Amino acid sequence: MELVTINKRAITPENQKKVIKMACIGLDYSVKEKIVDFNKYNSDYRIQVEDYYDKYSDWETGYSQLQIDATQEAFDIVCSDSSQGLFLAEKGLFTDVYPYMKNDSDISFEDLNESVLKAYEKDGKLYYVIPSISINTVIGSKKTLGDMTSWTIDDMARFRKENPDRMFFNYGTQLQVAEVLMSFSMNDFVDFEKGNCNFETDEFKELLEIAKTFPKEIDYENYQEWESVMSGDIMFMGAIISGYDEISMYPQLFNGEVTFIGYPSSDGKGNTFFASRMYGVCENSQYKDAAWDFLKTLYSDDYQENIYNGFPVNKKVFENRLKEAVKESVYKDENGTERRSAKGSWTYDDITLYLYNPTEEEAKVLRGLYESVDSVIDYDSEFMGLILEEADAYFSGQKSFEEVSKVIQSRANIYIAEKR
Amino acid sequence: MKERNKNKLKQRTLRQRFGAAAFLAPSLIGVFLFFVLPFMVVIYYSLVDNPINAEFVWFQNFASVMRNGAFKLAGKNTLIFSFIAMPLAVVLSLLLALMLGRDIPFRSQFRTFFLTPMMVPVASVVLIVQVMFDFNGSVNSFLGTFGVPKIDWLKSDYAPVVIVFLFLWKNLGYNMILFLAGLESIPRELTEVALLENANDWQIFWNIKIRYLSPTILFVTILSLINSFKVFREVYLLTSGHPYDSIYLLQHYMNNQFKQLDYQKLSTAAIIMSLVMIVIIGVLFLIENHFGKDVEE
């Protein structure tokens, strides 16, 4: 709690603060706190937030309108998220923040996770401030996966053949499995740089045939995800890891050691990351320096040490927090026996899983994941939608692969050609 | 005296001109605000790299769009569709008008029948076409009884056939009414004199009716050209923003560029399309002038 004194004063053109306009779709509480601090202590500027989620009560509508307004109106900062990728940056909306980051003595640029920064670069420039990331992975039992640390679509086909009745990836219908496999192997079929694509290939046919072996629908009324994982009905589980204690959940679910194998991919990079929030400084802003003065606070040790949803982009802070978490992972009970201290629990489907601080082993795994992830999924929902729309006819047996792939090829060619 | 009269005339002319200008001003202002000014904005967008930087790149956008594979495909499809659908719409509606201009039984019921599609809402039209031409629709069921394998009407090279059918179904009625009105305006005496001179039906049709109908034919052709672009609405509802390549039209391209916030490509494509339409309509005017000039004289 804080006690403050408020002094009333008349607002004049001389003492009126300049307004930095910030557009967003929802805002983390921790960022709101930073905005309040900035507005309180900065004598020249204040930030005014326009939240499009509050305005439209619908994420998609809000984001579409934000995109249109951002190219027309004078915002100074726009908050985007990973699902939109570099869309707004490619429109020339944002300024390169690398010069700010490298020349600002308040930022220890070398301590930032360079893989994260590189993944969001375009032509050597970085258009976003990214304070934290979450890790996207698939988890399976070590008994099933053995020493495997990554897998390909062929490996998945083999597992599927050996286990035709078990589910993969929790919500694993035909279309969902196809979508997942496509997301991680899109580069095998499409070259956006050259403007080529080829879906009339045996590899694409294999992908659809694997997806076709899964159920068309899931009875969500009677679907119990965690129970199905524990009983072995779900063989592999897709998960997003954004906290140090979450890694301890999965051995409980899988009744033993687990492997964070990631999604099937051709290059072995099935573990990816994403940034739930990215902040860009608008190229047309009159207050770029002031906007940067605010955004750099998101790279401060104070902010990075208190991120609760995601891992800090500052490697040193990540490591320090991991070590602290490991130190606090055990306690001695009244009998002197070492026990894990539960930080909390999640209950779902009448099953309770305890969240523990990671052990040394778990910390090693988490560190490995954090250091190894260097790619984001380049997910274009419209492009994916047109492929899945046609694939559905193949899954239902109405059309042959040749007919479906011909239509996909035609529509995909147009989509890719439009973007060039 | 002469001088005074001259001045009076000058003043009266000026007053009349001011009066005319005052009456025209609201319309001119409206046209300027809602047509000319937006078009200027479109031209501006086509000459800059993007709305944020607003750096003039002059005709680079035009070169880029003209080179773009999607634009070339859309342009080709739109031209092909227009040059197939437009003549069909004109010729078929003219034939219908000639037929319904005669004294045949149930003439007014037939006229109503052909006008009905104009009143059907777009959503209903789309639904009907989907029911008929879906992969499991009624047309395939009917053809299946003759052993014809199923055709994916909307996602194959047969898709333009469906769109032309849709276009003709929607527009024949209105064009027919315009031709009926045109036929009514042809002086009867000319036809009677031609009959007295032993002219046959074909000679009367070609030498008299077509000549007098030339302004109507021009008008119906231009209207059909404009309506051929409006068919995008139904195609979009049937097949979404990225259809099979045989029915990918210019408006798909422009609509998708708008969704991508690519205003410069959208504006450039719109200007290119306008220029092509101006050329086509100019040619039509020249043809009409040639065929219809002795009628107007």
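Predicted model: local features only at pLDDT ≥ 70, side-chain atom pairs only at ≥ 80, totals over all residues.

**Exercise 1.** Find where Ser276(A) lies in chain A, and decide how exposed Ser276(A) is.

*Solution.* Start with the chain: Ser276(A) sits in the loop that runs between strand E12 (272-274) and strand E13 (278-281) of chain A. Next, take its relative accessible area, which is 22%. Buried would require under 20% and exposed over 50%, so this residue counts as partly exposed.

**Exercise 2.** Work out which residues Ser276(A) touches beyond four places away in sequence.

*Solution.* Leaving out residues up to four places away, the contacts of Ser276(A) are Ser80(A), Asp81(A) and Ser132(A).

**Exercise 3.** Describe how chain B meets chain A.

*Solution.* Begin with the contacts: 28 residues of chain A are in contact with 30 residues of chain B. Then turn to area: the two chains bury about 2,400 Å² between them, with 48% of it on carbon and sulfur atoms. Of the area that chain B buries against chain A, 30% comes from Ile52(B), His242(B) and Leu261(B), more than from any other three residues.

Finally, check the charged pairs. Five salt bridges are found across the interface of chain B and chain A. A salt bridge also joins the side chains of Asp152(B) and Lys399(A), at 2.2 Å from N to O.

Notes
Residues numbered from 1 in each chain as written. Chains lettered and ligands numbered in written order. Heavy atoms only, no water. Helix = DSSP H or I, 4+ residues; strand = E, 2+ residues; numbered from the N terminus. Buried < 20%, exposed > 50% of the residue type's maximum accessible area, 1.4 Å probe, protein only. Contact = heavy atoms within 4.5 Å. Buried area = accessible area lost by both parts, 1.4 Å probe. Salt bridge = Lys/Arg side-chain N within 4 Å of Asp/Glu carboxyl O.
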